[in-house]
Amino acid sequence: MERMSLNIDDVERWQCAIVQKIEECTVEKEQGYSFEIENFLPQDLYDRMVGIWPPVSELQTLSEAGLAVKRTARENAVTEARKVAKITDLIARGPAEEALIWKVLASLFSGAEVVGAFYRKMQPFIAEERPEIYPVKAMHSEVLVQTDLDGFLLGPHLDAPKKVLSMLLYCPVNAENAALGTSVFRPRASFLEKNPGYRNNFIGKYHDLSDFDVVRTAKYIPNNLFGFIVGNRMFHGIAQIKNKNVLRRNVMWNIYHD
């Protein structure tokens with residue numbers, strides 16, 4: 001890797017470029033509110049990040065990282081094909097030049113300027129989708145670096161209500177597997193009949209794909225950010241990886257309300 005060198009001007013330039021991308025993005029109203037931002041990170045920053053992407057051997061399963069949720073044995077088996085590292089752990093364990101890159105990324109993803117830009121952009125949609133938490137008084141970010149392996153699958157589900165925004169920055173080595181992005185789903189009548197009260201408590205399980213229609217699928221291409229406002233309509237999931245040569249790399253970036 002090229003020796004890391006940057007100064008405050010680099011970080012300020014990156015921050016301004018990211019904020020501008022957020023301000024200019026289009027929010028789609030399809031089963032809730034979602035968005036895609038292509039070329040989200042400035043290219044030089046993105047290149048630095050993917051150049052130090054941790055090998056699978058240095059990542060943990062969700063259980064090992066203490067992030068597993070109690071689900072069925074079958075669900076746990078497929079989700080254990082996701083390997084993760086908290087960005088704070090990547091900073092802590094170095095080496096120093098790589099740690100500096102992760103530290104800069106963590107500061108951008110968690111900084112008031114970037115988080116504030118998202119809130120300003122999404123404010124009217126949060127007010128509509130999550131009136132019980134609006135206006136949001138305080139927010140914080142959590143970031144995971146992830147690589148999904150052969151067999152990984154997430155059926156249609158809803159994220160926990162403690163989140164305001166859920167986002168994935170896709171980091172594949174090329175654009176050959178663009179169809180592996182996150183899908184947004186619309187429940188069919190069969191699901192509504194079986195789950196009449198799901199809107200009242202949307203800490204949900206992974207549901208049967210046969211009860212849903214695909215509304216849209218985000219493009220799994222380099223430096224594409226997909227995100228949505230977390231609510232009780234935003235069913236989403238990921239098609240199963242069925243190729244041992246595919247490593248589905250992404251940064252999971254969640255913004256929570258305090």
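User: Which residues of α1 meet which residues of α6?

Analyst: Contact means heavy atoms within 4.5 Å. In this predicted model, Q15, I18, V19, I22, E23 and E24 of α1 meet E113, V114, A117, F118, R120 and K121 of α6. By class, the contact has six nonpolar, one polar and five charged residues. Residues are numbered from 1 along each chain. Local features need pLDDT of at least 70, side-chain atom pairs count only at pLDDT 80 or more, and side-chain values use heavy atoms, without hydrogens and water.

User: At what angle do the axes of α1 and α6 cross?

Analyst: Two packed helices are described by the angle between their axes and the distance between the axes. Helix α1 (residues 8–24) and helix α6 (residues 112–129) cross at roughly 10 degrees, and their axes come within 9 Å. They are therefore roughly parallel (angles under 35 degrees).

User: How do α2 and α5 pack?

Analyst: Helix α2 (residues 43–51) and helix α5 (residues 96–110) pack at about 125 degrees, with axes 10 Å apart. L45, R48 and M49 of α2 touch I101, W102, L105 and L108 of α5. Six of these residues are nonpolar, none polar and one charged.

User: Is S183 buried or exposed?

Analyst: Buried means under 20% relative accessible area, exposed over 50%. S183 has 9%, so S183 is buried. S183 lies in strand β8 (residues 183–187).

User: What does the side chain of S183 make a polar contact with?

Analyst: A polar contact pairs N or O atoms within 3.5 Å, one able to donate a hydrogen and the other to accept it. Here the partner is the side chain of T217, at 2.7 Å.

Technical notes
Axes fitted to C-alpha atoms, helices over the stretch in contact; angles between N-to-C directions. Helix = DSSP H or I, 4+ residues; strand = E, 2+ residues; numbered from the N terminus. Nonpolar A, V, L, I, M, F, W, Y, C, P; charged D, E, K, R; others polar. Buried < 20%, exposed > 50% of the residue type's maximum accessible area, 1.4 Å probe, protein only. Parallel < 35°, antiparallel > 145°, perpendicular 65-115°, else oblique.
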